Every structure is written in structure tokens, then in C-alpha cells.
Amino acid sequence: MHVEVRGLHKKFGSFQAVHDVNFSIDKGQLIGLLGPSGGGKTSILRMLAGLETVDSGDILFHGQRVNDLPPQERGIGFVFQNYALFKHMTVADNIAFGLEVKKWSKAKIKDRVAELVELTGLSGFERRLPHQLSGGQRQRVAFARALAPEPQLLLLDEPFAAIDAKIRHELRSWLRDMIDRLGITSIFVTHDQDEAIEVADEIMIINKGRLEQKGSPWEIYKDPQSPFVAGFIGESTIVDNVSSLRGFDTASTWPGTKALIRPEYIEIGQASEFATKLSATERGRVRHIHFRGSEWLVEVEVGDTKLVTYRSLEKQVLHPGEEVQVLIHRAYLFNDNDSWIMENKLKEDPLPVHI
Amino acid sequence: MRRLWIGCTVVVFTLLLIIPVVRIAMGAWNEGWSGFSGGITRPETGHALFMTGLIVVIVTLINTVFGVMLSLYLVRATWLGRKLKQLLNSIVDLPFAVSPVIGGLMIVLLLGPDTAIGALLGRAGVDIVYALPGMVIATLFVTFPLIVREVMPVLQEIGNSQEEAAATLGASAWTTFWRVTWPSIRWSVVYGVVLTVARAMGEFGAVLVVSGNIINKTQTATTLVYQDVENFNLTAANAVALVLAAGSVALLLFMEWAKSRKEVH
């Protein structure tokens with residue numbers, strides 16, 4: 001279903017939980033609401049579901065204002081963070097609940113439950129009670145229960161938060177496949193950027209009750225619209241005096257400008273590893289190296305600026321204290337009024353090499 | 001040292017619980033079967049036991065319904081302010097803090113025949129004080145916190161997410177209560193009901209003040225025992241007391257069973 005939100009505000013006491021949020025979502029999309037804890041993501045989701053009242057603003061489903069509709073009449077499915085399964089009912093009864101409430105016939109309920117049990121891979125567990133299931137199974141029951149009455153919008157509140165890392169990965173791709181197959185518009189809340197990037201068609205970054213940016217994961221990574229988004233997506237280091245770095249001296253024309261540099265913007269190595277780009281590098285010193293399972297995390301010091309980057313395990317191993325060449329490909333610059341991406345000037349226009 | 005403590009505990013337990021019960025049983029039987037059956041089969045005993053039973057049934061029904069409702073409102077209602085909820089929550093405990101005799105006296109002072117409300121109702125033919133309604137109100141007052149205090153912690157513990165889930169699945173408030181909330185709280189309600197029945201059966205002070213203790217009219221089992229003792233009719237007093245005690249023991253056994261069920265869920 002098509003979802004539109006206009007000028008949404010919500011206050012809890014004196015705390016402004018949601019502040020002037022506007023967005024619209026096309027049918028069949030999977031949207032990730034991403035942001036730090038306490039940022040207002042769950043409040044937005046709960047307002048969409050009708051579990052929380054709206055202070056001001058409009059929520060429209062299919063162009064119809066639904067602000068005053070109770071949750072029962074909104075045609076949504078909601079998957080709760082801790083699943084909220086009916087703990088005294090079996091798996092089958094949990095899934096059937098929404099259908100019984102809607103007065104489906106016994107035979108239709110039986111068919112639909114069997115279909116969902118099959119779909120969620122819960123065959124053989126129909127007679128179990130929730131406390132006899134593992135976390136991943138409970139999650140799938142919650143998902144099946146929410147989907148049973150054929151909602152047009154599926155809302156998921158931190159769906160994977162309570163599941164251990166390994167199964168979480170499996171469930172993520174399972175959920176992605178499932179939603180693709182059903183073509184149901186879905187919105188999920190998460191504080192885990194990997195989860196949002198991996199699963200969502202579009203991400204909405206929510207911070208302090210405001211919508212910071214909405215776009216595909218790649219757009220958000222490539223072109224962050226605010227310092228918060230730039231800092232939140234990916235790992236990064238904030239550099240105060242960016243003009244001291246080689247290739248970024250023109251940054252000093254904007255006073256008070258800081259830079260945000262991601263590990264993947266930086267390349268390090270011995271002089272021989274750079275070839276033609278050598279003129280854009282400068283000297284630095286390795287401070288620490290950390291083994292990260294699939295790569296090295298290297299902390300490097302350039303002048304008095306500390307930077308962080310990755311280095312492939314295939315390359316020659318660096319040691320703390322070693323002198324290396326550092327190439328900074330680009331930096332995300334921001335000040336109080338503006339933010340933009342600046343490429344390393346020397347890399348784009350290499351100085352002629354003197355023989 | 002440990003033996004001393006164990007010994008002390010046994011002595012206190014025996015003095016306070018076992019000996020009185022044995023004494024009541026012996027007292028009831030000290031004139032043999034005829035003494036016991038004589039005490040039980042008097043018309044005033046029948047009437048008093050009937051009054052006690054009637055009060056227990058009415059009070060338990062009213063307190064169960066309103067106790068569960070008040071618990072729901074105090075835990076779930078968003079339309080009640082936090083401050084107001086706290087105030088109501090402490091008022092619930094008032095009957096625990098106030099002596100039952102004082103509670104009964106308050107009812108007499110509020111609704112007695114000499115008061116405006118009492119006189120008005122009296123003219124309409126409804127007697128409150130020195131009649132069944134006053135006795136029911138007095139017992140309601142004394143037993144009111146029991147169910148609320150049993151049910152509220154359970155409601156708080158289960159949280160409202162299951163109820164919210166039911167709402168998003170399309171269930172009305174009524175359906176949600178019976179299919180989702182009730183199965184979670186029912187054993188606490190049963191436990192609260194047992195406590196209410198026990199308390200209502202044994203209530204003396206508040207009922208004595210509002211009933212006037214009129215034989216064959218407003219006399220309950222406990223006030224009958226009191227009157228028999230006053231009249232030195234000890235065999236009859238013991239017989240009625242033994243019936244009451246037997247009821248309590250049966251109730252306690254039921255309560256133990258309910259408690260074990262409560263822990264399972």
C-alpha cells in the first residue's frame with residue numbers, strides 16, 4: 001500500500017520524540033528506519049500502526065487519512081521487538097488468532113495456517129507453546145501471525161534485535177526473500193546499519209525525532225546530506241584541521257570547516273605501492289594495528305592527525321612505528337551551514353614527475 | 001542454638017494455632033454428638049450461616065468484577081494521569097490500614113438512619129445500616145484491596161505488548177481481554193477470590209458495628225459465636241466456630257492448589 005506521512009509531530013511530556021517528519025513510500029517497498037536508540041524510530045512506527053496517537057500531522061494510507069482509525073481498522077501487520085506472542089496459545093493458535101477475530105470459516109483458517117506454517121518453515125512445531133521455541137522460531141511465528149490476515153502494510157520493530165548474530169544473518173536474508181515474494185509494503189526499525197543496508201530498498205535516517213535523509217543505501221553512503229548521516233553510516237574519523245592534510249589545503253578558505261574521513265577513503269603502504277599517485281601521498285607513522293578477521297585495521301598518524309583505515313591481508317604486514325605513505329582519496333567536509341565532498345586535488349591533477 | 005530456635009518456633013506455632021483449634025474441637029464435642037448437633041441445628045445458627053454465605057457470595061462477585069476492572073485501569077489506562085493513578089493506588093490500601101471497626105463506624109456515620117442519606121433511603125424503604133446492604137458494604141470495604149493487590153503485579157509483569165499485538169490483529173478490547181489478558185491473570189484472580197472469601201467469612205468488627213447483631217435478622221456466623229460466648233453457651237459457640245474453621249481449612253487447601261497453578265503460568 002502507498003503510505004504518506006505529512007508534518008508528523010509527537011511529544012511525550014516535554015520530550016519531543018518526533019519532529020516534523022515527512023515521507024512517502026511506494027507500494028511493495030521495503031524501508032528501513034535507521035538511527036540511534038531513542039531517536040524516535042519506534043514512535044513513528046507505532047503511530048503508523050495506531051498504537052500511539054498523533055499530536056499533529058497526517059498519516060495517509062492509499063491517500064486516505066487514517067489518524068483517527070484504531071489499530072484494528074488499519075489493515076496492518078505488526079511484528080513486535082520481543083514478538084509479543086500469546087504465550088498460552090500454541091503456534092497454530094497464535095497464527096490463527098487474527099483470522100478467528102475476522103470470523104473466517106474454520107476450513108479457510110486451517111488452510112491459511114497450514115500455508116503460513118509451510119512458508120515460515122515451522123512444520124512440526126504447530127502444537128508447541130512459544131516458550132518451547134528458539135528465538136529464531138519465535139520470530140518466524142510472530143511474522144506468520146502478522147501476515148496471516150493478509151495486511152497491506154507490515155511494520156517490524158527491531159525484528160532481529162533479540163536473536164544471536166549468526167541466526168540474525170540467516171533470518172535477514174530469509175525476511176528479504178519473503179517480502180520480495182509477497183510484494184507487501186514493509187517498514188522495519190533498526191539501529192544496526194549493516195542490517196538496514198543489507199535488507200532495505202530505501203533507508204530513512206532518523207535522529208532526534210527528525211528525518212535526516214531518505215534514499216537507497218548506496219545514495220546515503222555516497223552522498224550524505226548532513227554531518228550526522230555521514231558520521232552514522234560507515235565508520236569514520238572527524239578531522240579538525242583538514243587543511244593540514246596533503247591535497248586538501250584549499251579547505252582553509254572556509255573557516256570552521258571540519259572533515260569526516262572514512263577508512264575506505266584512505267590508502268596506506270610503502271612508496272613502491274603507489275606508482276603514479278605517489279605525489280598525492282604524505283608520510284605517516286603506524287600507531288597500532290588490529291587484526292579484524294578478514295583484514296587489518298590500521299591506526300596511522302599524519303602530523304598530529306590520527307586516521308583509521310583497513311589494509312588487505314594479502315599485502316605486506318605493517319608494524320607499529322613504521323613510516324608509511326598515506327593517500328587520502330576524499331574527505332566529507334562540513335561546517336555549520338553546508339556540507340560537501342572534496343576529492344584529493346593532487347590525485348586528480350598529478351604534478352609532473354621530475355626525473 | 002539452632003535447636004533452641006526450632007524449639008521456640010514449634011512452641012509458638014503450637015500455642016497460637018494448634019491448641020486453639022484442638023480446644024475448639026474439644027469444646028464442640030464436650031457434650032458429645034448431641035451438644036454439637038444441638039449447637040448447629042438451632043434456627044439462629046442456620047440463619048447466621050446463611051447470612052455469612054450470602055454476604056460472601058455477593059461480596060466476592062462484586063469485588064472480583066470491580067477489582068479486576070480497577071487493576072486494569074490502574075495499570076493500563078492512559079487517560080488517567082500518573083499522579084491520579086498513584087493517589088488511587090494508595091487509596092486502594094486504605095482498608096488495610098484502617099481498623100475494620102473504624103470502617104464499620106464510617107458507614108454508620110455516613111449512611112446510618114440519623115444521617116441525611118440514610119433517612120432519605122429509609123423513607124424510600126431501603127435500610128442500609130442494621131440490614132444486609134450495610135453488612136455487604138462493610139465487608140466490601142474490608143476485602144477490597146485483596147484482588148487488586150493480586151492482579152496488579154501480574155498485569156504489570158506481562159506488559160501490554162500482547163494486548164497491542166491483539167489490537168493490530170483486529171481484536172476488539174472485549175475479545176482481547178477474554179482471549180489474551182484473562183488467561184494470564186486468571187490464577188491470580190482465583191487466588192484473590194480465595195483470600196476475599198476467607199476474609200469475608202471471618203469478618204467480625206466492621207460487620208458487628210453495622211449489623212447491630214440482631215438474632216435471625218442481621219446476625220452472621222462470627223457475631224453469633226461472639227453472642228454465644230457472651231451468653232456462656234460455650235458448646236454452641238465452639239460448634240459454630242468449628243464449622244467456620246472447617247470452611248477456612250478447605251479454602252486454604254484450595255488456595256495452596258491455586259498457588260501452585262499460579263506459579264506454573
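**View 1. Buried residues of helix 4 in chain A of the predicted model.** Within helix 4 of chain A, the buried residues are A:R138, A:Q139, A:R140, A:V141, A:A142, A:F143, A:A144, A:R145, A:A146 and A:L147. The helix is thus mostly covered, with ten of its 13 residues buried. Helix 4 comprises residues 135-147 and reaches 18 Å from its first C-alpha to its last, close to the 18 Å expected at 1.5 Å a residue. The elements of chain A that cover its buried residues include strand 6, helix 2, helix 3 (106-119), strand 7 (153-157) and helix 5 (165-182).

**View 2. The side of chain A that touches chain B.** Here, 17 residues of chain A are in contact with 14 residues of chain B. On the chain A side, strand 6 (76-79) and helix 2 (91-101) each supply at least two residues. By residue class, this side of chain A divides into eleven nonpolar, five polar and one charged. Strand 6 and helix 2 of chain A are also among the elements that cover the buried residues of helix 4.

**View 3. Positive phi at A:D20.** A:D20 is found in strand 2 (residues 15-25) of chain A. Its phi is positive, at about 45 degrees, although A:D20 is not a glycine. A:D20 is partly exposed, as 14 other C-beta atoms lie within 10 Å.

**View 4. Positive phi at A:H62.** The loop between strand 4 (56-61) and strand 5 (64-65) of chain A contains A:H62. This residue, which is not a glycine, has a positive phi of about 55 degrees. A:H62 counts as partly exposed because it has 13 C-beta neighbours inside 10 Å.

Note on methods
Residues are numbered from 1 along each chain as its sequence is written. Chains are lettered from A and ligands numbered from 1 in the order in which they are written. This is a predicted model: local features need pLDDT of at least 70, side-chain atom pairs count only at pLDDT 80 or more; totals for chains, interfaces and linings use all residues. Two residues are in contact if their C-beta atoms, placed from the backbone, lie within 7 Å. Helices (H or I, at least four residues) and strands (E, at least two) are DSSP runs, numbered from the N terminus. Ala, Val, Leu, Ile, Met, Phe, Trp, Tyr, Cys and Pro count as nonpolar, Asp, Glu, Lys and Arg as charged, and the others, Gly among them, as polar. A residue is buried if 20 or more other C-beta atoms lie within 10 Å of its own, exposed if 12 or fewer, and partly exposed in between; C-beta atoms are placed from the backbone. The expected span of a helix is 1.5 Å times one less than its number of residues.
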